[in-house]
Amino acid sequence: MTMNSLATALTPDGLIEIYRVMRTIREFEDRVHVEFTGRDIPGAVHLYAGQEAVAAGVCSVLSDDDYIASTHRGHGHAVAKGCDVTGMMLELYGKAGGLCGGKGGSMHIADFDRGMLGANGVAAGGVPLAAGAALSAKVRGTDQVSVAFVGDGGANQGAFAESLTLAAVWQLPVVFVVEDNGFAQATGTRFHLAGKRVALRGEAVGIPSQVVDGYDVFAVRDAAVEAVERARSGDGPTLLECKADRFYGHMEGWDQQAYRLTSEIDELRSARDCLVLFTERVLAEGSVTADELAGVDATVRARVAAAVEEARSAKDPDISELLTDVYVSY
Amino acid sequence: MARILSYLDAIGEALAQEMRRDPAVVVFGEDNIGGTGTDGKLGNAWGPTKGLNEMFPDQIFDAPITEAAFVGAAVGAAATGLRPVADLLFVDFAGVCFDQILNQAAKLRYMVGGKASVPLVLRAMWGAGMRRGAQHSQALYPIFTHIPGLKVVVPSTPADAKGLMTTAIRDNDPVVFFEHKMLYFSRGVVPEESYEIPFGQARTVREGTDCTIVAIGRMVGEAEVAAEQLAMDGMSCEVIDPRTVSPLDTESIYASVRRTGRLVVVDESNPRCSVASDIASLVAQNTFDSLRGPVQMVTSPHAPTPFSPALEDAYAPNSGQIVSAVQRTVRSAVPA
Ligand SMILES: Cc1ncc(C[n+]2csc(CCOP(=O)(O)OP(=O)(O)O)c2C)c(N)n1
């Protein structure tokens with residue numbers, strides 16, 4: 001295996017940080033899966049486990065005041081952009097003190113202080129918003145970059161196609177990150193994706209586009225470095241099509257994955273787990289030690305467990321909140 | 001023969017019977033078969049289309065997430081000989097394809113001077129209660145009711161869901177069919193054979209003499225509970241379910257208000273420019289002489305639907321609010 005230039009460029013601290021992000025997402029999602037099964041968490045929850053390397057790789061090259069707009073599968077993006085895990089868990093439980101005061105829930109989780117413009121209940125709904133944030137950065141003359149995450153299914157939306165065109169024409173500092181996890185609900189990418197790759201749609205409007213191994217955080221990071229650099233230096237948008245399947249069903253409590261063979265999921269978990277791939281590689285290279293990684297695991301587990309405890313015992317929002325935030329001024 | 005069926009299965013039965021009766025009936029939407037393009041077994045058909053693929057493989061398709069295209073395609077197909085039933089999933093997603101509904105489906109026949117018709121059905125899940133947050137819980141039927149050219153159906157029982165779906169598919173105009181997600185697993189007596197329920201014909205759910213309660217969708221059940229409770233206090237309420245809000249059976253509503261002298265309208269949608277405000281104004285205009293108390297509206301507040309269960313439970317109207325509204329109009333009544 002040839003060594004990835006950036007993988008080696010990352011300091012041990014940088015590697016640990018990327019691992020911490022991926023591990024936090026995995027722990028968050030695995031824990032939410034368990035808590036949801038106990039029916040403690042209300043509503044519709046779409047888990048990101050399996051795709052961690054995409055969020056972690058992309059967000060590792062963003063700064064706090066860069067923007068991301070996310071999808072209905074948004075927990076991973078939120079964690080990677082630095083959202084507070086406890087605030088997120090409180091939000092999933094619909095409690096006061098949640099990142100959105102309990103008004104949004106899993107599908108609408110957001111934290112503008114972290115540049116996280118929100119998960120989105122509408123497929124591709126966030127893509128034009130990310131383009132808008134990029135426009136805002138461009139007009140205000142900052143060097144902020146904006147990232148639009150979208151699924152392979154959402155990439156079929158008109159809003160996605162139109163955003164590509166707009167971003168290309170206006171040369172916006174935006175990166176479109178298409179996450180192809182093989183499915184849109186139960187419908188396979190093989191069926192719904194017309195043409196071989198989403199990346200071709202970027203190329204069609206003159207946007208540099210690339211297919212990336214979404215299980216390999218180093219590959220994602222490399223591609224993101226180039227794309228973000230392009231955006232920051234005023235050279236316009238990029239499209240990254242990252243391939244990484246999800247471990248869980250489309251939605252918790254609803255989807256038994258009858259459309260998938262058990263062997264597929266087993267294979268995915270054993271051979272294409274981004275955390276395992278990462279660990280094998282960094283240990284082989286001797287950049288970090290197994291103890292250091294185990295230390296991260298322990299800290300992360302405790303942190304997520306504490307978040308669940310806090311969320312369970314937190315107060316509900318006051319009923320008067322029903323009528324606040326509809327407008328800025330009444 | 002009648003048996004007990006869920007609202008969901010009642011809709012599925014209507015779809016199957018109409019697909020069998022008429023090969024021009026085609027059904028499509030995201031995951032309407034479910035699992036297309038995988039090596040695995042058939043997956044999770046969302047909603048009542050489960051099993052239709054085995055019976056009618058040529059009449060049902062999965063669609064990519066392309067609402068503007070497939071709803072628009074339904075308009076084109078309908079205008080040229082098919083009877084498409086397109087599935088929006090959540091009505092909230094009308095947002096991404098509204099032009100096709102508002103400017104194409106609803107306007108085509110008028111603009112071509114009656115030379116074409118658009119016999120399509122748009123299935124749309126709606127309503128609060130499932131903790132889905134603001135983008136998956138709206139009660140948007142007033143928006144569609146506002147648009148001439150569209151018919152808007154809001155069934156409240158399994159039997160109505162089946163009969164109204166059958167009518168919708170056979171109807172020659174574009175119909176938006178609102179399925180309340182919290183009613184999907186409610187059960188009721190449903191005839192096995194195919195039958196139509198005419199549009200514009202309200203159902204009198206319960207007869208009464210003191211106050212008319214017009215309730216829509218899931219609110220019909222809440223109104224029944226309220227009427228039961230009020231009956232214990234000696235107040236007799238008539239409960240009317242319009243079943244279709246466009247066309248609207250104004251005659252049944254007026255006739256009832258003429259008998260009772262009072263009206264409470266219960267509507268899960270936001271109050272401004274709603275079906276509630278529409279019915280209230282129609283009644284005020286047309287049965288003013290009969291009114292013995294102020295018309296009352298019971299609606300969700302002028303706010304999006306919150307996610308938090310604590311807040312969402314306080315969002316949609318409930319039987320308690322209906323009881324209070326009836327008491328308000330009865331207490332402030334002028335002598336007959
Ligand atoms: C406009 C719109 N249509 C349909 C849906 C319902 N829906 C929610 S998620 C989903 C599948 C999304 O697939 P993809 O974009 O590939 O993301 P993934 O779930 O695979 O992460 C669908 C159809 C929606 N939320 N928005």
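Start in chain A by selecting helix α6 (residues 126-140) and helix α7 (residues 158-170), whose axes come within 9 Å and cross at roughly 15°. α6(A) and α7(A) are therefore roughly parallel to each other, a label given to angles under 35 degrees, while over 145 is roughly antiparallel, 65 to 115 roughly perpendicular and the rest oblique. The axes here are lines fitted to C-alpha atoms, for helices over the stretch in contact, with angles from 0 to 180 degrees between N-to-C directions. Helices and strands are DSSP runs numbered from the N terminus (H or I of at least four residues for helices, E of at least two for strands).

A word on what you have loaded: this is a predicted model, in which local features need pLDDT of at least 70 and side-chain atom pairs count only at pLDDT 80 or more, while totals for chains, interfaces and linings use all residues. Residues are numbered from 1 along each chain as its sequence is written, chains are lettered from A and ligands numbered from 1 in the order in which they are written, and side-chain values use heavy atoms, leaving out hydrogens and water.

Back to the helices. The crossing of α6(A) and α7(A) is left-handed; that is, the near helix is turned anticlockwise from the far one by less than a right angle, whereas clockwise would be right-handed. Now show side chains: A:V127, A:P128, A:L135 and A:K138 of α6(A) make the contact with A:A159, A:F160, A:S163 and A:W170 of α7(A), where contact means heavy atoms within 4.5 Å. By class, the residues in the contact of α6(A) with α7(A) are six nonpolar, one polar and one charged. In this scheme Ala, Val, Leu, Ile, Met, Phe, Trp, Tyr, Cys and Pro are nonpolar, Asp, Glu, Lys and Arg are charged, and the others, Gly among them, are polar.

**A helix pair in chain B**

Next, select helix α3 (residues 67-79) and helix α4 (residues 98-105) of chain B, whose axes come within 8 Å and cross at roughly 20°. α3(B) and α4(B) are therefore also roughly parallel to each other, and their crossing is right-handed. Look for B:A68, B:V71, B:G72 and B:V75 on α3(B), in contact with B:Q100, B:I101, B:Q104 and B:A105 on α4(B). The contact of α3(B) with α4(B) has five nonpolar, three polar and no charged residues.

**Salt bridges**

How many salt bridges are there over all chains? A search of the whole structure finds 40, counting a side-chain nitrogen of Lys or Arg within 4 Å of a carboxyl oxygen of Asp or Glu.

Zoom in on B:R123 and B:E179, a salt bridge with its closest N and O atoms 2.7 Å apart. This pair links distant parts of the chain, with B:R123 in strand β5 (residues 121-126) and B:E179 in strand β7 (residues 175-180) of chain B, 56 residues apart. Are the two partners buried or exposed? B:R123 counts as buried at 2% relative accessibility, and B:E179 is buried at 1%. Buried means under 20% relative accessible area, exposed over 50% and partly exposed in between, with a 1.4 Å probe and protein chains only.

Move to B:E13 and B:R3, whose side chains meet in a salt bridge at 2.8 Å, N to O. B:E13 lies in helix α1 (residues 7-21) and B:R3 in strand β1 (residues 2-6) of chain B, so the pair ties together parts 10 residues apart in sequence. B:E13 is buried at 18%, while B:R3 is partly exposed at 21%.

In chain A, select A:R31, A:E35, A:D40, A:E309 and A:R312 together to see a network of salt bridges.

**Backbone stops and a strand residue**

Switch to a backbone view and find the cis peptide bond from B:S246 to B:P247, with omega near 0°. B:P247 sits in the loop between β12 (244-246) and α9 (250-260) of chain B. B:R243 has a positive phi of about 65° although it is not a glycine, and it is buried at 11% relative accessible area.

Finish at B:T299, in strand β14 (residues 296-299) of chain B, which is buried at 17% relative accessibility. Leaving aside residues up to four places away in sequence, B:T299 touches B:D267, B:S269, B:P271, B:A276 and B:P317.
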